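Here are a few notes for a colleague opening this structure for the first time.

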Amino acid sequence: MINSPILDLATLTLEVTNLETAKSFYVGLLGLKPTLYDPESGILELRVGEYQSLRLWKPLTRRCNSERLKQVEARGGTHVHFALQIPKGSRQDAQNLLTLYGVNWQEIDLANAGEEPDLGTYFFDPFGHGLELREVALERTDSRFPVIPPVRPTQDARTIPIAGLREVALAFTRFENMLERLPHAYGFAFADQMENRAFGQFTLGPSAEKDGQFTPRRWLYCWDPQVGLADMLGGEHVTVGFFADVEAVRVRLEGTGLEYLHDEHGLAVRDTEGHVFEFLDLPKELEPRAP
Ligand SMILES: [Fe+2]
C-alpha cells in the first residue's frame, strides 16, 4: 500500500472574467468568506471552511496574478469541474436557493447499485466552471476523516451551507502519461479508473480508498478531454494546491525534470499541459505533535 505524502486538498484557482460577478456568485450565493479582494491584481480569494480556499483570478496583460507563482506560469483554470461539500441533509435547501437565484441545476444519483442514493447537484457558475454539491457526513466516525475536517457551516438561510472543497477534475490530453506520472513524481494515491472512460481517480489522503457513500475525504480526478456528467469538462491550465509533506514531495521530484519553485511557502510545480500543483505544509495547529 502506498503511503502518500499528499494529505488533503488545500486550494483551487479559477480563471474568471469579472471579479464583481464572481463575488456576487461565490459570496452572495455560496456564502464563502472573502479574505482578499484586490482588483488591481485581478484577485479575489475566498475561504472554504476553516483552511481551504478558492482563488479567482482575472487574467491581466503582461503579468501573472501571483508574483510568487510567476516562475511556474500559474494560471486560473478554465471550465473546471469541481465539487463542494455540504452537510448531509442540506441538499434540498441548497437546491431551493439555487432556484431562488435563478441558477439551473440538475441532480444525478452517484451511488452504486444496492447502495443508499448519493445525489449530486450540478450547476454552472457565470464563467462556465461546472460545480457540484455533494452531501458528506460531518461526524468523525471513521478513518476516512480528512486531515482538514469539513466544517458545519453557520446557519444562514440566504446562502448554501458549504462545508469544504471536495474534488477537482483536470483534463490531460496525454492521459496514460499522467496515470504514470502523478503517483511516481508526486506520490498521489491512485484509487481507481473507469473502464468506459479515460478517468483516473486519486485519493487526497494517506492511501487509496473507495469514493462515495458520503465520504468526507477529498479527491483529484483526471480525465482526458471529454464531456463528463452534467455536460461538465475537466479544467485546463488549473492551479491546484494540496496540503502535503512538502519535503517528501520535493525528494520525489528530484530527477523528474519537472520545473518547480521551493520557498518558505512550500513547493509549486509546473506539471505538463499547463497545470500547476502547489504543495503546502499543514497549518501549524493541525500538525501532528511530536510524542
Ligand atoms: Fe464530480
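**Notes on the sheet and the core**

1. Leu261 stands opposite Ala268 in β15. The model is a predicted one, and in it β14 is joined to strand β15 (residues 266-270) by 5 bridges, with the two strands running antiparallel.

2. Those two strands belong to an open sheet of 8 strands with mixed pairing, whose order is β2-β3-β4-β1-β13-β16-β15-β14. At its edges lie β2 (33-38) and β14 (259-263), each of which pairs on one side only, and from one strand to the next the twist averages 20°.

3. Asp38 has Ile43 in β3 as its bridge partner, and the two strands form a hairpin with 4 residues between them, where Gly42 in the turn has a positive phi of about 70°.

4. How many of the 6 residues of β2 are buried? The count is 0, so that β2 is hardly covered, a point that takes a residue as buried when 20 or more other C-beta atoms lie within 10 Å of its own.

5. The largest nonpolar core has 71 residues, and Val168 and Phe242 are those with the most contacts inside it. Strand β1 (residues 6-15) gives the most to this core, contributing 6 residues.

6. Which residues are in contact with Val168, leaving aside its neighbours within four places in sequence? They are Leu9, Leu12, Val80, Phe82, Leu220, Val238 and Val240.

How values were computed: Residues numbered from 1 in each chain as written. Predicted model: local features only at pLDDT ≥ 70, side-chain atom pairs only at ≥ 80, totals over all residues. Core = buried A, V, L, I, M, F, W, Y, C linked by C-beta atoms within 7 Å. Buried ≥ 20, exposed ≤ 12 C-beta atoms within 10 Å, placed from the backbone. Contact = placed C-beta atoms within 7 Å. Pairing = 2+ DSSP bridges. Axes fitted to C-alpha atoms, helices over the stretch in contact; angles between N-to-C directions.
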